[in-house]
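Here is a short briefing on one structure. Look through the sequence and the model first.

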Amino acid sequence: MTYIKPKFRHPEMPKNRVGYAKSDYEGVISTLCAGCGHDSISGSIVQACYEMDIEPHRVAKLSGIGCSSKTPNYFLNNSHGFNSVHGRMPSVATGANMANRDLIYLGVSGDGDTASIGMGQFVHAIRRNLNMLYIVMNNGCYGLTKGQDSATADAGSVSKSGSVNPFEGIDLVGMALELGATFVARSFSGDKTQLVPLIKAALSHNGFALIDVLSPCVTFNNNPGSTKSYDYVRDHIEALAQIGYVPEKEEITVSYEEGSTVGVELHDGSVVHLQKLADGWDPRDRQAAMRRLQQAKADGEILTGLVYVNPESKDLHEVIKSDLRPLNSLKEEDLCPGASTLEILNEEFR
Amino acid sequence: MKPTDIQNPEYFHKVVDCQYACPAHTPVPEYIRLIAAERYTEAYMVNWESNVFPGVLGRTCDRPCEPACRRGRVEEEPVAICRLKRVAADNKGDVKSMMPQGPFAPNGKKIALIGGGPAALTVARDLTPLGYEVHLYDDQNKGGGMMRSQIPSFRLPDSVLSEEVGFILDLGIHTHFNTRVESLKDILSQGYDAVFVGTGAPKGKDLADLPGRWDAQANIHIGIEWLANVAFEHTSKIGKKVIVLGGGNTAMDCCRTSRRLGGEDVKVVVRSPRKEMKASPWEIEDALHEDIPILENHVPKSFVSENGVLKGMYFEKVEAIYDNGKRKLVPTGEPDIFIEADDVLVAIGQENSFPWIERDLGLEFNKWGLPVLDEKTFQSTLPKVFFGGDAALGPKNVITAVAQGHQAAVSIDLYCNQQSLYERPSPYTNLISQKMGIHEWIYDSDVTTDIRYKVPHADKSLTLKDRKKEVELGFSQDTGFKEAQRCLNCDVQTVFTEDKCIECDACADICPTTCITFTINGEEDDLRSRLNAPAHNVEQELYVSDTLKTGRVMIKDENVCLHCGLCAERCPTSAWDMQKYLYSVTKAGCQSSILETI
């Protein structure tokens, strides 16, 4: 009987630049159903953080409630974590981020946690451009309560029990674009070659980064007629571009064909390369992104890849001009600058 | 790469590293699980069927299985396979009732076995139940061959050896002990349908040309002859100062035996550097433990004696120079070293010797004095005569002799039935799913991190006083269980079914040792460079699936798979399954395997 992962790892597994093996980014063994897309996303997060040489203690992982929100236990076990109330992860992330801007914030949510109970929180985190990666593990159903349709289930999608969803699904990508999100992407749990570089790029982005990851629920939503099954997604997926992520410290060695490639430099100096772009596509053009998204919807395609990025994005701290230092590093003299400072301040109002 | 053909019995056989490395292909993980289940009798029988002498081999085997053990690639040390075999032998119950029960209906064929060692006894065991009238000739007064004459009792008690030899003789063998065969022609004239020669490598090498060799003959002994004399109690003492020449296991047995017969200052002297010694590391360790120093890089120069009494030996100091992989021993120029000695034991190798085989019978010998054989069938150029053990392809070890004995028995049976010797029976194989529930397997899939357990030894103060007192005490049942749990169950195979796979990546994500990769197919070298984990060990296969729906293939590097079953547990569609693979070399007459009943 195996509920415990064996301790042995591949003896030749290399360590990254900060001295950690990939296994140092793992979590406990997953209790989700075998074959759950969420586990693949956890695997992608592990791989991305390992390859980006992120020290685990510099990451704070936050989640709400649901199958998706259980996953922070299954990756980055050496990082900070907060499993919050249903749909309230953005508030907790906002508070944590305001208190300590030095950490990397990784929020994990699901379609219920984001598009239903947490919708109000989600939209305001976007509006404020909170510096975080917000991953939605989107399976179009409530897997934890036996698979009822969620708010992201497409109209016409057939559930495991055979009922057809009569309601329009919420498109989180379209909505985020509308709300002014500065990094918007969609991906598929079964395509790590796309998801891993997207996660890396999102972690390098300064501001709110949404990755809506289609993540099939093998138990309740992987049936014929479902629009979020492995087979359906694979049949209808339309990638905007092949994506490559080059960290700042590495030289770009790959040569790309002229005209078909866009390189977007991100806040930390790393570069996202988008290859084989469809129709002269530019991910920095928000209106084009919105049009392309609508077009895909009309064509019945599932558009994946980096839909929109604003490399000039200013995050919440910059907007409100907060202190550059984490609150826990502020000394008494910083917090109580004394009577003379108060005097100067008061003078301004006289 | 082409999809792996798992229908080929050799593919999964190779994954079971220990069994594959064993010359007799003993189903190691199967008997280790039986030991863990306290089914010692069955564990013994699984061994007995394939290696005939579990008790003997559990103490003395050269253990080719252990360096091959996958555990040694995952952590420091392999499973103590050899000593677990002994646990089965030490704790077995009534095994005799599980062995073939005579009398057997005669098939009218009569065969002669020359020599009573492991190879010939294996042939006897395999052929007697088929109705052959088996005649065994040996010049010793008991069966066992070199296992009796050359392996000292402190490593292999007489009771253990005699019991296992007895199991075979009791099948109804016609024994002719104390009978030295002086002529093959004579044997052939006695109407045998086939003759098996298992006379070992009975001649110890000498230093006949070394100055002074013949001046003190009473104090200069040939290692294997001296050991035989000790075993048969013709020799019971040796001088206080002893030099043992040679670096093999015979030398280790000689020096340790000397310590028990009165040798106080016993030294092993070898020509080459110590790391090149042929003796097993554990034998060397045991010799050192008994206060026997090993002097390396000493080349014997001369024997020194006075009035026919040995005084010692001169040695030249050398150093090893390696040039293009070739080693040369170059004198250092230091003055020769004199080492005092009352007795010298020469244990520098052994040779085959067939003075009793007439050269005009049509049985050809090669330039090394070995019979010309077909290495698959062990048939000589005289079709009726077969060879096995050290007599066949030169000195190896007991387990190799047993393996050759099995093959020679198959050949003899085919020969006596006028069948082609090349249409040999395929191995018995079976692949059975181990699934019981979502997280439950028939086998214990948990992987323990315990490090290798040490076998307790009897105290030196006791063992050096009595040459028959066994040094190794063997694992207790408790320790045996713990050591057995270290086995990774490599025979429980990860079997992949392409058309069930939905490519959810769950297996690749969960695999602790990152064995599994889904990627676009390519040539092997290219694939090995693109896997999720380094895959440099080209001796281990890549398990490649057929093309999957997305155009990719599943590649599993067998190298460090823990056989923990997590890939199968995390697979939503049972595209992965853990299936126990049994492989047994089919014996003469296609007798059914014990594996079919356990």
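Predicted model: local features only at pLDDT ≥ 70, side-chain atom pairs only at ≥ 80, totals over all residues.

Residues are numbered from 1 along each chain as its sequence is written, while chains are lettered from A and ligands numbered from 1 in the order in which they are written.

**Chain A overall**
- Chain A holds 12 helices and 13 strands; these are DSSP runs numbered from the N terminus, helices being H or I with at least four residues and strands E with at least two.
- Its radius of gyration, taken over C-alpha atoms, is 21 Å, close to the 20 Å of the globule rule (2.2 Å times the number of residues to the power 0.38) for 350 residues, so chain A is as compact as a globular protein of that length.
- The C-alpha trace of chain A spans about 70 × 50 × 45 Å along its principal axes.

**Burial and contacts in chain A**
- Of the 350 residues in chain A, 49% are buried (20 or more other C-beta atoms within 10 Å of the residue's own, with C-beta atoms placed from the backbone).
- Among contacts in chain A with a separation of 6 or more, 71% join residues 24 or more positions apart; a contact means C-beta atoms, placed from the backbone, within 7 Å.

**A sheet in chain B**
- An open, antiparallel sheet has 3 strands in the order E17-E24-E20 (chain B); strands pair if DSSP finds at least two bridges between them.
- Strands E17 (428-433) and E20 (492-496) of chain B are at the edges with a single partner strand each, so one side of each lacks a neighbour in the sheet.
- Neighbouring strands of this sheet are turned by 35° against each other on average, direction ignored; the axes are lines fitted to C-alpha atoms.
- E20(B) and E24(B) (residues 576-584) run antiparallel, joined by 5 bridges.
- B:Val492 has B:Lys580 in E24(B) as its bridge partner.

Key: Axes fitted to C-alpha atoms, helices over the stretch in contact; angles between N-to-C directions. Buried ≥ 20, exposed ≤ 12 C-beta atoms within 10 Å, placed from the backbone. Contact = placed C-beta atoms within 7 Å.
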